[in-house]
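Visitor: I'd like to learn how to read a few features in a model like this one. Could you walk me through it?

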Amino acid sequence: MQDQENQELSQQGNGMDPATAAAANEAAQASAGQAGVPPTGDAASAQSDLEAQLSATEAKLAEMHDAFMRAKADAENIRRRAQEDVTKAHKFAIESFAEAMVPVRDSLEMALKVETQTVEAIREGVEMTLKQLSAAFEKNRLLEVMPQAGEKLDPNKHQAVAVVPSEQEANTVVTVLQKGYMIADRLLRPAIVTAAAPK
C-alpha cells in the first residue's frame, strides 16, 4: 500500500496523471519484451528473401568476373598471335618472290657451264630465262609500266627527263627510255620517258 502511494506521489510529482503513467509503463514493458523476441513470420520471410537475392547477386558477380577474365585472356592471346603474324610477314615477305627467282638463277648458271655455245643457243637460253623471269614477276604481281607513244603523261607512273619538239599533243609520251614497274597498285619505279613540248 505504501508503495502504491509512493508511485502515485512520484507520478504526480512528474506532472502525469495516473492513467497516462500506466499507459507509458505498459508501452515501456512491451518494447522491453520485444527486444529479446525473435522476428515474426513476415519479417523472417523478408529476411530470407533478401538473403536469397544476395546469394544470387554474388553468384552472378562471380560468373561475370569469370567471363571477364576469360575475355581478357582471349584478347591477349589474339594480340600476341597477331604480333607474331606481323613479325613473320616482315621476316618472310619476299619468300614467294625468292621461290620464283631461284629457277631463273639456276638457268643462268647452267648457261654459263656450257663450254661450246653458238649465238642461237645463247639467244634461246636467254629467251627461256626471260620467260621464267616474266612468270616470276607476274606471279608476284610485279607489273610493267610501258606507256605507248602519244599516251598522256601520268606523273604518278611516268618520269619525263626531257621535253622534245613533236607533232603530238603537248605533255604526251614521245619515247620510252626505260620501262617502269609496279607492285600491285604501288609504284616501284616510274617509266623514264621523253614528253612532247607545247607548240
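Visitor: Let's start with helix packing. At what angle do the axes of α4 and α5 cross?

Guide: One thing to keep in mind first: this is a predicted model. To read a helix pair, look at how the two axes approach and at the angle between their N-to-C directions. Here the axes of α4 and α5 come within 9 Å and cross at roughly 180 degrees. Angles over 145 degrees count as roughly antiparallel, so α4 and α5 are roughly antiparallel to each other.

Visitor: And which residues in α4 meet α5?

Guide: From α4 you get S96, F97, E99, A100, M101, P103, V104, S107 and L108. They meet T129, Q132, L133, A136, F137 and K139 in α5. By type, the residues of this contact divide into nine nonpolar, four polar and two charged.

Visitor: Okay, salt bridges next. How many does the structure hold?

Guide: Six. To spot one, look for a side-chain nitrogen of Lys or Arg within 4 Å of a carboxyl oxygen of Asp or Glu.

Visitor: Where do E109 and R105 lie along the helix?

Guide: Both are in helix α4, residues 95–113, and they sit four residues apart, about one turn of the helix. As for accessibility, R105 is exposed at 56%, whereas E109 is partly exposed because its relative accessible area is 36%.

Visitor: Now for a residue in a strand. Is M182 buried or exposed?

Guide: The cut-off for buried is under 20% relative accessible area. M182 has 13%, so it counts as buried. You'll find M182 in strand β4, residues 180–183.

Visitor: Which residues is M182 in contact with, leaving aside its neighbours within four places in sequence?

Guide: The list is R141, L142, L143, V145, K157, L187 and L188. Look at L143 in particular: L143 and M182 are 39 residues apart along the chain, yet their C-alpha atoms are separated by 5.1 Å.

Visitor: Let's zoom out. How many helices and strands does the chain have?

Guide: Five helices and six strands. Reading from the N terminus, the order is α-α-α-α-α-β-β-β-β-β-β.

Visitor: And what share of the residues of the chain count as buried?

Guide: 13% of the 199 residues. The accessible surface comes to about 16000 Å², and 58% of that belongs to carbon and sulfur atoms. For sequence separation, take contacts between residues at least 6 apart in sequence: 60% of them join residues at least 24 apart.

Note on methods
Residues numbered from 1 in each chain as written. Predicted model: local features only at pLDDT ≥ 70, side-chain atom pairs only at ≥ 80, totals over all residues. Heavy atoms only, no water. Helix = DSSP H or I, 4+ residues; strand = E, 2+ residues; numbered from the N terminus. Buried < 20%, exposed > 50% of the residue type's maximum accessible area, 1.4 Å probe, protein only. Axes fitted to C-alpha atoms, helices over the stretch in contact; angles between N-to-C directions. Parallel < 35°, antiparallel > 145°, perpendicular 65-115°, else oblique. Contact = heavy atoms within 4.5 Å. Nonpolar A, V, L, I, M, F, W, Y, C, P; charged D, E, K, R; others polar. Areas by Shrake-Rupley, 256 points an atom, 1.4 Å probe, with all protein chains shown as cover.
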